[in-house]
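Here is a short note to read with the model open beside you. Take the points in order, and find each residue as you go.

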Amino acid sequence: MIRAEGLRRTFTAGKETIEAVRDVSFEVAAGELLALLGPNGAGKSTTMRMLTTLLPPTAGSAHIAGFDVAREPGLVREVIGYVGQRNAAGENHRIRDELAIQGRCYGLRLREARRRADEVLELLGIGELAGRLPGTLSGGQRRRVDIALGLVHGPRVLFLDEPSAGLDPHSRAGLWEQLQRLRREQGLTILLTTHYLDEADQMAERIVIVDQGRVIANGTADVLKADLAGDRLYVTTSDTDGARAAAALARRMAGIVEVTTEDRTVGLRCADADAVLPAYLRLLHHASVTVTRAGLRRPSLDDVFINLTGRRLEQPGDPSGNSIEEPTHA
Ligand SMILES: Nc1ncnc2c1ncn2[C@@H]1O[C@H](COP(=O)(O)OP(=O)(O)OP(=O)(O)O)[C@@H](O)[C@H]1O
């Protein structure tokens, strides 16, 4: 339903050339929900703006439902809905009228536009807001109105740029429930960008990680974590000599990808911690290394990103990037 091939986009700012998108290719099947994940400035919005015909690509091509974004922008616009980062509703019209006006802009007759306005309000569970002015709504309610505006003309593909940015966890969960319902009931194909790792992990069928204008990973969260991160094991010993011995033993074990030591704790990265941990503990016991704590942690998408780039994916509201759980010891 969505096909991007070698997309590239440069901007000129004064004498500087900014390579916002260097090489982006991916596909999204009909009915799939794909999340574009990446740090600030990675090129997610620029990619989305090219796919939605708002920005011509410098090079490469893209097709939506078989239509070429560069050669057939009008046909692309008929089949897509786009919800940008900023609130889309004006301040002067009541929500139902705002939606009907949007429908009219897409060429719907007045009666049909009103019917669709009511339909999408119900679909998003905000029927009771029909008579309200946008300025009186909460952040979560406004975001749903934005999505309703993107849906009023009945698109087959919905593009959402940071749909849950700035929402509290409760509103985010509610919004996600609605999006999943839309997919189930309307068979919508959804491409969204997000900064929230947990959101991409739990909600998206597939994740494309973008960094510095390039796709660096593409797969389901489970496959990305298994292939590109691996489980983490932690063993704390009674003294630093024990930790040194434990690290040396780990380096000789099969299936261990990485060994790190910090004070009395040895950290291991491996594909299957459930199998490695008992064997490792037996080995330590035979070598008379006293273990005071041991535990394992499943990888997160942040581990995938660190593994690929050596950097952390900064989380919203976490400028230091330190909010992600530290290893838990069992
Ligand atoms: N109109 C523009 N003129 C100049 N540079 C731009 C323009 N639009 C985007 N850029 C630059 O292109 C790069 C990619 O920006 P883009 O908005 O696509 O990133 P993003 O991944 O969506 O980031 P964020 O998560 O912060 O929204 C950034 O360096 C940005 O400053």
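Which residue in β14 is the bridge partner of Thr-236? Point 2 has the reply.

1. **Ground rules.** This is a predicted model: local features need pLDDT of at least 70, side-chain atom pairs count only at pLDDT 80 or more, and totals for chains, interfaces and linings use all residues. Residues are numbered from 1 along each chain as its sequence is written. Helices (H or I, at least four residues) and strands (E, at least two) are DSSP runs, numbered from the N terminus.

2. **The partner of Thr-236.** The bridge partner in β14 is Arg-293. Two strands pair if DSSP finds at least two bridges between them. Strand β11 (residues 231-237) and β14 meet that with 6 bridges, in the antiparallel sense. Thr-236 also stands opposite Thr-265 in β13. There, 6 bridges join β11 to β13, and these strands run antiparallel.

3. **The whole open sheet.** Now put those strands together. The sheet has 4 strands in the order β12-β13-β11-β14, with antiparallel pairing. Its edge strands are β12 (256-262) and β14 (291-297), each of which pairs on one side only. Neighbouring strands are turned by 15 degrees against each other on average, direction ignored. Axes here are lines fitted to C-alpha atoms, for helices over the stretch in contact, and angles run from 0 to 180 degrees between N-to-C directions.

4. **The β12-β13 hairpin.** β12 and β13 run antiparallel and are joined by 6 bridges. Glu-258 has Arg-269 in β13 as its bridge partner. The hairpin has 2 residues between the strands, and Asp-263 takes a positive phi near 55 degrees in it.

5. **The helix across the sheet.** Helix α10 (residues 273-286) lies across β11, β12, β13 (265-270) and β14. Its direction is at about 165 degrees to β14. Contact between two residues means that their C-beta atoms, placed from the backbone, lie within 7 Å.

6. **Strand β8: buried or exposed?** Look at strand β8 (residues 189-194). 6 of its 6 residues are buried, so β8 is largely enclosed by the rest of the structure. A residue is buried if 20 or more other C-beta atoms lie within 10 Å of its own, exposed if 12 or fewer, and partly exposed in between; C-beta atoms are placed from the backbone. In a regular strand the side chains alternate between the two faces of the sheet. In β8, Thr-189, Leu-191 and Thr-193 point one way, and Ile-190, Leu-192 and Thr-194 the other way.

7. **Partners of β8.** Strand β3 (residues 33-37) runs parallel to β8, with 5 bridges between them. Strand β7 (residues 157-161) is also parallel to β8 and joined by 5 bridges. Leu-34 has Leu-191 as its bridge partner, and Phe-159 stands opposite Leu-191.

8. **Helix α4.** This helix (residues 110-123) has 14 residues and reaches 20 Å from its first C-alpha to its last. That is close to the 20 Å expected at 1.5 Å a residue; the expected span is 1.5 Å times one less than the number of residues. Ala-113, Arg-116, Ala-117, Val-120 and Leu-121 are buried. They cover an arc of only 135 degrees around the axis, which puts them on the same side of α4. The arc is that of the directions from the helix axis to the C-beta atoms. Their cover includes α3 (95-105) and α5 (139-151). The face turned away from the buried side carries the exposed residues Arg-111 and Glu-122. Just after α4, Gly-125 takes a positive phi of about 70 degrees.

9. **Two backbone angles to check.** Most residues other than glycine have a negative phi, and most peptide bonds are trans. Glu-162 is not a glycine, yet has a positive phi of about 50 degrees. Its place is in the loop between β7 and α6 (169-186). Glu-162 is buried, with 21 other C-beta atoms within 10 Å. Ser-288, also not a glycine, has a positive phi of about 60 degrees. Ser-288 is in the loop between α10 and β14. With 8 C-beta neighbours inside 10 Å, Ser-288 counts as exposed.

10. **Around the ligand.** The residues around the ligand include Phe-11, Gly-38, Lys-44 and Thr-46. A residue is near a molecule or strand if its C-beta atom, placed from the backbone, lies within 6 Å of it. β1 (2-13), β2 (16-28) and α1 (44-51) each supply at least two residues of this shell. The largest share, 3 residues, comes from α1.
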